[in-house]
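Please see the sequence and structure below.

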Amino acid sequence: MDAHPPGPSQSVSLRHVLKKFGSFLAVRDLSLEVAAGEFVTLLGPSGCGKTTTLRMIAGLMPQDGGEIRFGDRRVDLLPANRRNVGLVFQNYALFPHMTVAENIGFGLRMRGWPKAKQQAQIDRYLALVRLEGLAGRKPGQLSGGQQQRVAVARALAFGPDLVLLDEPLSNLDAKLREQVRIDLRAIQREARQTTLFVTHDQVEALAMSDRVVLMNQGEIEQIGAPQELYTRPATEFAARFIGANNLIAGQLVEGGEAPRVAIEGQDIALRASSSAGAVGQTVWLCVRPEQVKISAIAEGPPDAVAARLTDMIFQGGTMLVEAAAPGIGKLRAECPPAEVAQLRPGDAVMLSLDGGHVVAR
Amino acid sequence: MELAEGALRRRRRRQDLLFFRLCTAPALLLTLLVGIAPLALMLVQSFIDQDSEAWTARYYVDSFTSSFFTRTLMTTLAMAAGVAACAIVIGLPMAYLLARRSWARNLLMPVITVPRMLPFVVVGYAMILLLAPMTGVLNKLLVDWGILAAPLFILFDWPGQALAFGYSAIVVAIGILTGVLMAVDPQLEDAAVSLGASRLRGFFTVTLPLGMPGVIAAGALIFTAVTTAYSIPVMLAGRVPYMISIVVATNLLTLEQPHLAYAQAVVVSVIAVAATAFAQIVLSRYGRQ
Amino acid sequence: MLARLAWAVYLTVLLAWLVFPIALVVIASFEGDLQVSLALRQFSLDAYRAIPRGYWESFRFTVSVAALATVCSLLISVPAAWGLVRGRLPERGVVSNLVLLPDIVPQLILGIALLTVFIPLRLSNSFAGVLLALMAMNLAMGLRFSEALLSGMAEEYEQAAQSLGAGRLTVFRLIVLPMIAPGVAIAALFLFMQNLIVFELLFFIAGPRATPISILLFSDIIDRGVVPQAIGMSALLVYAGIAFYAAVAMLLGPKYLAGTLMSRKG
């Protein structure tokens, strides 16, 4: 039955996938291509349809339309147990009555692998997730991070076409999460495993993915590499959801290579670095906090905005500065603490907001 | 193409349903055969004349026009309601203690639990050993101590039966009330006390209203159990039957009036099911609050 | 002070009332005499020796039919609960209430109703008849218990097994059953105990060839009055109750008993 040997796994394609709950469209006409070996993240707020999509791919929820293919094999009419998908649940769902080795070997056992081959594969994947000594333990005797690695090994061991990860890091504490993020990515690369990862945490999505699929209200807002999503959000939703953008209302007055935005209620036009709008359109100018330059009132460049500091929050490596600009509203800046050591809340400053990204309003 | 897919998906869902329906089928079938069908048959037969096999309501009319039947039914219901009320009042303080003090639970739980694991017959035997007019331990003690001039002849009469029912009923009441009161947050009562209520007032204004579902559930359970009890009423029977179950059984077994017995059984079950349903309705009202 | 005194009196009287009958049966069984005295003047096992063969046979009958009914009804009600809970059947409410009905109708009435169908089927006064009657009652409690167990078990375990390649029946066998086994064991213990002491349900369909012990003891007291061997047998049933309590307390811890007992009805 070993029809799907481990190794470079399948590409995945979703075409016009649809899911209704009564009259509510949870997933509307979703199409997505994932290359073999790629790590793609479905990112979005809760209720955006990302988990529903994952469950439809796994076969745990019937879909109402569209088709799903792994390679050229059509799977959406197959039951879950014949799709050859590795699934890692948020709570891991490790079988509590089985040992770590039995958990990892479950998929092999279901595929009728001979005992010796099963054992070799279990050992291989125990080594991959660095749990060699714990084969005989029960899940209840493991830490959260160890359980998570067992769940990953279990999902990989039988050589699935695709691995699905459903918020697998949300039950770990912050420090562990960072380590597991790196581990998980390393394991995925080593296994060259096509992976779909679902999360609402943009930091995870940006740090781990080859590509990020940003979803909202059952639809794809934007697909792109993490850097692209971060620096050039395609829509207002993307700009608001990813990073703590400053969104400034304005009108696009110049397009092309050097776009300029006239700020509403102000007599200035700011230079932007990129634009997703047409000239004359009302737009948002998105400026990342780390792009905002703070200077004392006398030294400000000509196109800077006058503002008053309202709060300064020390974050270790950076200082988060909040300022109120008359006519624009609250703005946030992030900079090395040394740069703003002289400033205090209440001081008048100039904020340089150049180099932002423009999205349609 | 689209149509075929839709049909396939629907077929998959139908197969799923079929699989799970097959899982429930044996339970459903057995219940229908050994539960629903006999009850339905009994109901039907209670409306059929035993001799002429014609439809008739005469067994119901006969029952309710017989003063013997109605009187016995009334004494039964009075007995059941009385026992339920007394058992709850008597059991409530104990249940409160068990719910609030874990040492009491650990210590007294066997005393509360073991009696529930006994057949009523054994309880009946115990009552006879305790209360029998000449040989009963209690009677002998009371006479020996000079508290009573002559032994009490209460066992084979309604007080004896009430005591025997009460024994099991108190145990049931304590069990259920303890479970419900344990679910009531003790901090609520503490809050009432800190606001100036006395402990007793706190109990009656805060804990008891929240524990009311337990009172209702225990009441309904005891009421129906006593209404349809058979072993105790026969074991401790006096000259006049107080309990309706004896009337029904006599019609069925001795007087060879099965259809009359069915009609009376239907009357009794309507009362019992109504009590349970009433409790359920009140409980769901509580649940919604 | 007065309150403490009231509590002390209340507790003493109530506990004495609860303990006395049980204690009396046990004491009487060791006196071999119906003139029970609390002084335990004489100690003998006569009452136990006097237990006739008929009692032992009836006891064996009761235990075997109770055990078989427990096993059979759980074999039926656990898959049924799984189908109802996981299958999301549209008729779940109806089925579940239908199965619970024999538990809502008083046992006495169900017993009479069963008699009417068992006589023509020659099932009254038989092992099979008693077994079926017990199962009708056990199914209700078994279903309620297993539904609660399955609702309390996250569905992810089954979905994980499915996505790893397990078919439905394999999921049931390898995942569901082992995971709810402890709860099912407790349910079995409760069903078994209930089956041992059930009276009203079986009174009408029992007969000379199928007599549960509680009904045999009952007819003896009606026919012959209180006899020592009946007290001896009653004492044995008290020990069974105590053993059951000990078993459940060891499995669950005494503090959970109150809550669990509630589920016995209502």
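What follows is a short briefing, grouped by topic.

This is a predicted model, in which local features need pLDDT of at least 70, side-chain atom pairs count only at pLDDT 80 or more, and totals for chains, interfaces and linings use all residues. Residues are numbered from 1 along each chain as its sequence is written, chains are lettered from A and ligands numbered from 1 in the order in which they are written, and side-chain values use heavy atoms, with hydrogens and water left out. Chain B and chain C bury about 7700 Å² between them, while the area buried between chain B and chain A is about 540 Å².

**Chain B with chain C**

- Contact (heavy atoms within 4.5 Å) involves 82 residues of chain B and 84 residues of chain C.
- Of the area buried here, 82% is on carbon and sulfur atoms; buried area is the accessible area (1.4 Å probe) that two parts lose on being put together, summed over both.
- There are 2 salt bridges between chain B and chain C, a salt bridge being a side-chain nitrogen of Lys or Arg within 4 Å of a carboxyl oxygen of Asp or Glu.
- B:Asp16 and C:Arg168 form a salt bridge, with their closest N and O atoms 3.4 Å apart.
- Between chain B and chain C, 7 residue pairs are in polar contact, both residues at pLDDT 80 or more.
- A polar contact is a pair of N or O atoms within 3.5 Å; within protein, one must be able to donate a hydrogen and the other to accept it, and residues adjacent in sequence count only if both atoms are side-chain atoms.
- Helix 1 (residues 2–45) of chain B supplies 21 residues, the largest share of the side of chain B that touches chain C.
- Helices (H or I, at least four residues) and strands (E, at least two) are DSSP runs, numbered from the N terminus.
- That side of chain B has 60 nonpolar, 16 polar and 6 charged residues. Ala, Val, Leu, Ile, Met, Phe, Trp, Tyr, Cys and Pro count as nonpolar, Asp, Glu, Lys and Arg as charged, and the others, Gly among them, as polar.

**Chain B with chain A**

- This contact takes 5 residues from chain B and 9 residues from chain A.
- Carbon and sulfur atoms give 45% of the area buried between chain B and chain A.
- On the chain B side, B:Glu5, B:Arg9 and B:Arg12 lose the most area to chain A, together 80% of what that side buries.
- The interface has 1 salt bridge, and A:Asp76 and B:Arg9 meet in a salt bridge at 2.9 Å, N to O.
- The side of chain B that touches chain A has 2 nonpolar, no polar and 3 charged residues.

**Aromatic rings**

- Over all chains there are 23 aromatic pairs. Rings of Phe, Tyr and Trp (its six-membered ring) pair if their centres lie within 6.5 Å; planes under 30 degrees apart count as stacked, over 60 as edge-to-face and the rest as tilted.
- B:Phe203 and B:Phe204 have ring centres 5.2 Å apart and planes at 80°, so the pair is edge-to-face.
- B:Phe203 is buried at 9% relative accessibility, whereas B:Phe204 is partly exposed at 48%. Buried means under 20% relative accessible area, exposed over 50%, partly exposed in between (1.4 Å probe, protein chains only).
- C:Phe199 and C:Phe218 are also edge-to-face, with centres 4.9 Å apart and planes at 65°.
- C:Phe199 is in the loop between helix 8 (168–197) and helix 9 (200–203) of chain C, and C:Phe218 is in helix 10 (residues 213–224), 19 residues apart.
- Both C:Phe199 and C:Phe218 are buried.
- One aromatic cluster is formed by B:Tyr230, C:Phe199, C:Phe203, C:Phe204 and C:Phe218.

**Helix 2 of chain A and C:Ser163**

- In helix 2 of chain A, 8 of the 11 residues are buried, among them A:Asn103 and A:Phe106.
- These buried residues pack against helix 3 (115–128) and helix 4 (144–157) of chain A, together with helix 7 and helix 8 of chain C.
- C:Ser163 lies in helix 7 (residues 156–163) of chain C and is buried, with a relative accessible area of 2%.
- The contacts of C:Ser163 include A:Ala80, A:Arg111 and A:Phe158.
- The side chain of C:Ser163 reaches the backbone oxygen of C:Ala160 at 3.0 Å.

**Positive phi in chain A**

- A:Tyr92, which is not a glycine, has a positive phi near 70°; A:Tyr92 is buried, at 4% relative accessible area.
- A:Glu167 has a positive phi of about 45° and is buried, at 9%.

Conventions. Lists of a residue's contacts leave out its neighbours within four places in sequence.
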